[in-house]
4 protein chains.
Amino acid sequence: MHTIDLKNYGFRTDLVIEDITEDLREEEVKSKRYENNGVIVEEMEISDSGSKKLNRKAGLYRTIIFQDVTDKDQYKIVEDTFIKVFKKFLLDCNLKETDSALIVGLGNDHSTPDALGPKTLEQILVTRHLFQLGELEKGYRNTASFTPDVTGTTGIETGQLIKSAIHVVKPNFLIVIDALKANNMERVTKTIQMSNTGITPGSGVGNNREELSYESLGIPVIVIGVPTIVDLVTVVSNTVQYIYKHFSYKIDHIDSAKEKLIPSHKQNYIDYPDTLTKEEKAEILGMIGNLDDKDVKELIMEVLIPINYNLMVTPKEIDFTIDRLSMLLGQGINKSLHENFKATK
Amino acid sequence: MHTIDLKNYGFRTDLVIEDITEDLREEEVKSKRYENNGVIVEEMEISDSGSKKLNRKAGLYRTIIFQDVTDKDQYKIVEDTFIKVFKKFLLDCNLKETDSALIVGLGNDHSTPDALGPKTLEQILVTRHLFQLGELEKGYRNTASFTPDVTGTTGIETGQLIKSAIHVVKPNFLIVIDALKANNMERVTKTIQMSNTGITPGSGVGNNREELSYESLGIPVIVIGVPTIVDLVTVVSNTVQYIYKHFSYKIDHIDSAKEKLIPSHKQNYIDYPDTLTKEEKAEILGMIGNLDDKDVKELIMEVLIPINYNLMVTPKEIDFTIDRLSMLLGQGINKSLHENFKATK
Amino acid sequence: MHTIDLKNYGFRTDLVIEDITEDLREEEVKSKRYENNGVIVEEMEISDSGSKKLNRKAGLYRTIIFQDVTDKDQYKIVEDTFIKVFKKFLLDCNLKETDSALIVGLGNDHSTPDALGPKTLEQILVTRHLFQLGELEKGYRNTASFTPDVTGTTGIETGQLIKSAIHVVKPNFLIVIDALKANNMERVTKTIQMSNTGITPGSGVGNNREELSYESLGIPVIVIGVPTIVDLVTVVSNTVQYIYKHFSYKIDHIDSAKEKLIPSHKQNYIDYPDTLTKEEKAEILGMIGNLDDKDVKELIMEVLIPINYNLMVTPKEIDFTIDRLSMLLGQGINKSLHENFKATK
Amino acid sequence: MHTIDLKNYGFRTDLVIEDITEDLREEEVKSKRYENNGVIVEEMEISDSGSKKLNRKAGLYRTIIFQDVTDKDQYKIVEDTFIKVFKKFLLDCNLKETDSALIVGLGNDHSTPDALGPKTLEQILVTRHLFQLGELEKGYRNTASFTPDVTGTTGIETGQLIKSAIHVVKPNFLIVIDALKANNMERVTKTIQMSNTGITPGSGVGNNREELSYESLGIPVIVIGVPTIVDLVTVVSNTVQYIYKHFSYKIDHIDSAKEKLIPSHKQNYIDYPDTLTKEEKAEILGMIGNLDDKDVKELIMEVLIPINYNLMVTPKEIDFTIDRLSMLLGQGINKSLHENFKATK
């Protein structure tokens, strides 16, 4: 049963915060967390030793965690936070205000949860052609944009197309926007991650892939993403955890008279800790209750293989949420890159 | 644990074929099944006694079951089948070739899996205004169309808007297109259902709902739909069944030397029968293995209540599939209603 | 040559400011003009006697004249002006802050210059369903929206559909958004007109039309529109005027040595007055130079009849401009109707 | 007045058939014209001497002339004709059935009349990635596609982006789809032109332009286009011709009693020959009546310079017509390039 390598099946999370476990040492991962009006920012730096331990590239990571960008007040807080974090991140990556940028949107405009990249690009202000004509006032950076579309639509390997566009534009750094995959239902559309560790477009699809990174291109590659889907296997595996939390709560409140008055749909088990013993788990879920998380996931993956690749789990309001997130990232990037940028929207 | 009424939570399937159990008698449900090039057609008539037993309205139901309308060859077979079934269904509903129709598209154009109705309407040929001008050649029926949009966008109860449009148009019958909900992941985007038993638009959302049916309107109401999503609870409950099938298969093939040569991702458990004993189920899934299907579903519903309403499960290619299905239904309806209809697409 | 009645051919302007001639008296049309940061507002009240003289309905008209809403600074000035003018206009129409509104978007979403109504509606906040559930905080008005689509798409007369929606919603007043037709190329996408005199949807298309007005509905009907196209006949007729201005300029500057140094494409004839004598016009344009404006237009209409109905003249950036105008009108209406409205965009 | 060079102002037609005058000799332009069910095909070969005389590149040109692709019957005839002409054209360009193609769509998806290229590309079948995986059955050619977007959106010179994509894909030939400009209102959306003479993307916009042609790339460059707009100057100039035709008709029928019974909007002047004498023209249009066509155009251009660049003339149904034309070109190209292509649409 344990012969399946999760990495080959693309079940790996794109979110660095989902990798972090308690036994990491300061030399491996330096991290700092702060809050801005209820929005949480997590700064992380993974060292070479941390990189080996986590099997994730060394470099700088920033994570912004929020609840709901379709709420107008929170939208503004998240946008403000993004601008502050992104401007500082550019400095942390040793980029100057006069450095030129090529902004690339990965993904498929015709598939809602995968359209984050192309839709964000529609918001991006480009100035490179105006620089060439000498027509631009002060306070604007030299920017160009490129939407390579997906290989299924073009027949061309995405990484190669981007490399050829870099060859034409010769930017000082690259910004890549992409939809990400989470390992936890509760993070979907509620997290923005940025990093300077590069990306391999279309990971998991073919063999002929090109990494886009400082190492391969000689310029900094900043990737900005938001998780927009989770895997069916993830959802089912998460549910096993929720079942434990549910019974933990039930057992802990078994004699609470007050509890019996709360209707069950008002009892929130999801934030409750898992307090079950091994034996209780085995009683509730039998043989499966004896497996650890990783083995549960592998079993479920094996069970769902015949249908997993055809289904995805997304928020019900995904169309509207992707619109808001693309607006936020696009306008946030514009305001971060150009000192004098004025938004209409 | 057993106090939740599934009906109040909208987990009920819209598909009549998912209701059918083996203990139904001929007086309750008459049914007939045939095949057309691999596409299956199921004709059903639910009597008053069957209606009580199944808790589903009495009347005529037709179900078309297929694999993949994004395949060009199968698209044509499904379209042909749809036209044959729908033309005969109109006769079965005692409708004449000269009867006028109002075609209504339910759902939200800005939410991909809910856009089936509005997108199908974009394909519909309307002739009512040409009839009024006397400008139409023979071979065309009098048709009008109406897209009421959703209450969240208009602030108006959908059923009332449709009734007021019927009052203006005064059609001989109504055709309603809507996205449906299935109780089984494998039916999503792979089933077309038509019935003459009416619909209550926006079921499950508010109280102020209007049924659209022969009883309430005095004209036949034909509903055509395709399941486009399943519920998170459904997906997890289905997985419990798949786990049983998986172990059934494993146990039955435990000594098969040949089997060991087949890589696990090539072993298809999903179509394998559940051959486990009660004891085996309890061993594998503990307490949960002791529950019957309905109780498993209620437990999972209770566990997932805090997140269930925000997530949905759809096929990964849903945007493209909805395009194809809308084209198929729209053009199929045109070709069924108008003898002389010529399609460009 | 003079037997064609311009009114039958739909060449009449929708803009009241294009009707105004110098010989109107204070009893016929009261008007007031002021400026807000370069944006001009024209307030007008047409009396019954003015109505007869101008052949345009008596009532209140407001016109906002600007240059370019695709410019970010000007967009904000125009939006501010719109909100001030519209709020005051609602009071001038004797509407209270608690009066409920139905907002209707006329036009065809699939034809860019005609999509102003449907696209504005996408921005409109509706609250009627929340009022019914008692879920709305203070500072919001009861609003609903309705997009009837065009008769060519539905087969149903637009005015009748709107009347039936009014019957369901029972609002205190109606707001109708529509794309207008101008008689002058320079006003296209540069003018917002609002009036309380009603509208006849689909004017010029059929006979079976329903006027929407206080007289026919018993509630105030406010129409807000922007001209988005001009007619081919209008464009060619306008050019005759430009030819006169061009030669006026040339003749007046014939001996100016300085003038000869200005390249002709920098000489702006369009704002220059027509100073030609009758004889000069006849010399330049022969028989046509002898005709007055109305007769020139009729001649050109007669010449272009075979092709006029198939062509339209619009700004080259019309897709983008319609996006900005719809955003401006939609958000402007929201901010005017709801005291506590917060915009994300 | 005659100092403006028309070529600098982009008023030049893209259509070779609008260049053809009667005094061309067989050594300059070889041409052949035939008909297919009312659709006209014009084959042309311009020699080096013809090239000099016409100021248009030497090579092969094919023109398909029709009335209306929104008519379902004519759509099919035009598609059939396109496929026949295009397949033969590929052979005339010495291309083999196994030669690989890169198909490029020029223009701006967000501006309706300029969206022909990107919208056609949405229909194009690509196979290059399947060839690389060895997954393709026989009867398919190796194809890839690329949509460079416009410089205003990307900041990057279009020709350079295309060259860099060619460098990645290394196709045997290039197909470029673009919206064209006509010099005559009656050709708009009614003509398909194909040529092997290359194109300079974004002609008329900047200086930094790259020609795409056999000479610059070393592979055949086939350009397929449809005129979708005319210039305001063109429309007004055309009207002067129509005025002459109108008076020619009037004078020729002055005593016809029968004529007087035909209402003027049923009299079609546009196909009537211009039979006026010089004196009659001068009488009707004065000084302007004395100018030849080219001088009239220059005068009107000078008059309209201040507004010309902001306005365009298109058919009223342009959104719908562009949809049909993109479908026709996309599916027509697929059926021409791939022997075994099966269309769903």
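Reader: Quick one: is the crossing of H8(D) and H9(D) left-handed or right-handed?

Author: Right-handed, for H8(D) against H9(D). Bear in mind that this is a predicted model.

Reader: And what's the angle between helix H8 and helix H9 of chain D?

Author: About 165°, with the axes 10 Å apart. H8 covers residues 232-252 of chain D and H9 covers residues 278-289. Angles over 145 degrees count as roughly antiparallel, so H8(D) is roughly antiparallel to H9(D).

Reader: Which residues make the contact?

Author: From H8(D) you have Val240(D), Ile243(D), Tyr244(D), Phe247(D) and Ile251(D). H9(D) brings Glu280(D), Lys281(D), Ile284(D), Leu285(D), Ile288(D) and Gly289(D). By type, that contact has eight nonpolar residues, one polar and two charged.

Reader: Switching to chain A: where's Thr189(A), and is Thr189(A) buried or exposed?

Author: Thr189(A) sits in the loop between strand S6 (173-182) and strand S7 (191-195) of chain A. Its relative accessibility is 7%, and buried means under 20%, so Thr189(A) counts as buried.

Reader: What does Thr189(A) touch, leaving out residues up to four places away in sequence?

Author: Leaving those out, Phe66(A), Val226(A), Pro227(A), Thr228(A), Pro315(A), Ile318(A), Thr321(A) and Leu325(A).

Reader: OK, on to the chains. How many residues of chain D are in contact with chain A?

Author: 24 residues of chain D, against 24 residues of chain A. The area buried between the two chains is about 1,800 Å², and carbon and sulfur atoms give 59% of it.

Reader: Which three residues supply more of chain D's buried area than any other three?

Author: Gly155(D), Ile156(D) and Val168(D), which supply 25% of the area chain D buries against chain A.

Technical notes
Residues are numbered from 1 along each chain as its sequence is written. Chains are lettered from A and ligands numbered from 1 in the order in which they are written. This is a predicted model: local features need pLDDT of at least 70, side-chain atom pairs count only at pLDDT 80 or more; totals for chains, interfaces and linings use all residues. Side-chain values use heavy atoms; hydrogens and water are left out. Axes are lines fitted to C-alpha atoms, for helices over the stretch in contact, and angles run from 0 to 180 degrees between N-to-C directions. Helices (H or I, at least four residues) and strands (E, at least two) are DSSP runs, numbered from the N terminus. Angles under 35 degrees count as roughly parallel, over 145 as roughly antiparallel, 65 to 115 as roughly perpendicular and the rest as oblique. A crossing is left-handed if the near helix is turned anticlockwise from the far one by less than a right angle, and right-handed if clockwise. Contact means heavy atoms within 4.5 Å. Ala, Val, Leu, Ile, Met, Phe, Trp, Tyr, Cys and Pro count as nonpolar, Asp, Glu, Lys and Arg as charged, and the others, Gly among them, as polar. Buried means under 20% relative accessible area, exposed over 50%, partly exposed in between (1.4 Å probe, protein chains only). Buried area is the accessible area (1.4 Å probe) that two parts lose on being put together, summed over both.
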